[in-house]
Amino acid sequence: MAYERDILDEPRRPKVVYPQLTAATGLVAEDRATGFCGDVVKTSSEAVTLRARNGEHRHFRWKPGGFLIDGKPVTLVRPVTATDAVTTISNSGSLGGSRISARVARAGRIMVEGIHDAELVEHVWGDDLREAGIVVEPLGGIDHLADVIAEFSPSPRRRLGVLVDHLVAGSKEARLAATIRDPNVLITGHPFVDVWAAINPQRVGLEAWPDVPRGIPWKEGLCRQIGAGDPAAFWKHLRNKVRNYADLDPTMVGAVERLIDFVTEIDE
């Protein structure tokens, strides 16, 4: 059924067209919505990363007129590369953006605690990882982290990044991380007991993740409380609800970005 426009409505204004500017590395821009200002340090198909003077990184989605350059609103666009014209279909069946050709894998690696951590990192950062030639491997827990690092044999040209769950003061993970002194190893992490909790619960219709009592496996306890049934099936549903960086907690995003920067800092 069609509805006529309310006569009290404001007259329709012509659509504003903002000038476009390539988000080149080093360009200083301000996000209009938050006032965050910094230089461009990274771009992806989903977002542009700005770095403030204090070193803080934030990720902003591409949006018309979303940024200020010298006080004037502009539309930032991602730099175009020779391989950007190839359009692909994602594994989920949706039409994907331009795919960047994968380079030969680096000697350096990023290791994460478990399979779900690895799947989530691939889901969000997959194109960036392939472009940089970074391989992500699950650790299966960090109880033997020192042995894993020794076996990997990190060096200035073979850096290792490690993503850890529950990296908070006093935790077992924090104590183990503090024992690693190798300058060619960087350990970052998020504060959550499980990587599932780094995903915005609103993506599955929850205001917050429920508290799971100690002694109960977190995944099983969570699924029981929200009536999700099989944890394996719920994980696939949850992971596929993640669209981009904005659906993750900033601590998770920052931790992964620091690892990518660390591993790629020295070209081979």
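User: Is isoleucine 134 buried or exposed?

Analyst: Buried: this is a predicted model, and in it isoleucine 134 has a relative accessibility of 7%. The cut-off for buried is under 20%, so isoleucine 134 counts as buried.

User: Where does isoleucine 134 sit?

Analyst: In the loop between α1 and β11, where β11 covers 135-138.

User: And what does isoleucine 134 touch, leaving out residues up to four places away in sequence?

Analyst: Arg106, Ile110, Leu129, Ile260, Val263 and Thr264. Take threonine 264: along the chain it is 130 residues from isoleucine 134, yet the two C-alpha atoms are separated by 8.1 Å.

User: What's the geometry of α1 (115-132) against α6 (250-264)?

Analyst: Their axes are 12 Å apart, and the packing angle is about 25°. Since angles under 35 degrees count as roughly parallel, α1 is roughly parallel to α6. The crossing of α1 past α6 is right-handed.

User: How many residues of α6 are buried?

Analyst: Eleven of 15, so α6 is mostly covered. Among them are Met252, Val253 and Val256, along with Gly254, Ala255 and Phe262. Glu257 is on the buried list too.

User: What do the buried residues of α6 pack against?

Analyst: α1, plus a set of strands: β3 (37-43), β5 (57-61), β10 (109-112), β12 (160-164) and β13 (185-189).

User: What span should α6 have, and how far apart are its end C-alpha atoms?

Analyst: At 1.5 Å a residue, the 15 residues should span 21 Å, and the end C-alpha atoms are 21 Å apart, so the two values agree.

User: Back to α1. At what angle does it cross α5?

Analyst: Roughly 25°, with the axes of α1 and α5 (residues 231-241) coming within 10 Å. That makes α1 roughly parallel to α5 as well. α1 passes α5 in a right-handed crossing.

User: Which residues make the contact between α1 and α5?

Analyst: His116, Glu119, Leu120 and His123 on the α1 side, with Trp235, Arg239 and Asn240 on the α5 side.

User: New topic, backbone angles. Which value is phi of serine 153 near?

Analyst: Near 60°, which is positive in a residue other than glycine. Serine 153 lies in the loop between α2 (145-152) and β12. With a relative accessible area of 43%, serine 153 is partly exposed.

User: What about phi of histidine 166?

Analyst: Also positive, near 55°, and again the residue is other than glycine. Histidine 166 is found in the loop between β12 and α3 (172-178). Its relative accessibility is 26%, so histidine 166 counts as partly exposed.

User: Zooming out, how many helices and strands does the chain have?

Analyst: Six helices and 13 strands. The chain has 268 residues, of which 39% count as buried. Take contacts between residues at least 6 apart in sequence: 62% of those join residues at least 24 apart.

Methods: Residues are numbered from 1 along each chain as its sequence is written. This is a predicted model: local features need pLDDT of at least 70, side-chain atom pairs count only at pLDDT 80 or more; totals for chains, interfaces and linings use all residues. Side-chain values use heavy atoms; hydrogens and water are left out. Axes are lines fitted to C-alpha atoms, for helices over the stretch in contact, and angles run from 0 to 180 degrees between N-to-C directions. Helices (H or I, at least four residues) and strands (E, at least two) are DSSP runs, numbered from the N terminus. Angles under 35 degrees count as roughly parallel, over 145 as roughly antiparallel, 65 to 115 as roughly perpendicular and the rest as oblique. A crossing is left-handed if the near helix is turned anticlockwise from the far one by less than a right angle, and right-handed if clockwise. The expected span of a helix is 1.5 Å times one less than its number of residues. Buried means under 20% relative accessible area, exposed over 50%, partly exposed in between (1.4 Å probe, protein chains only). Contact means heavy atoms within 4.5 Å.
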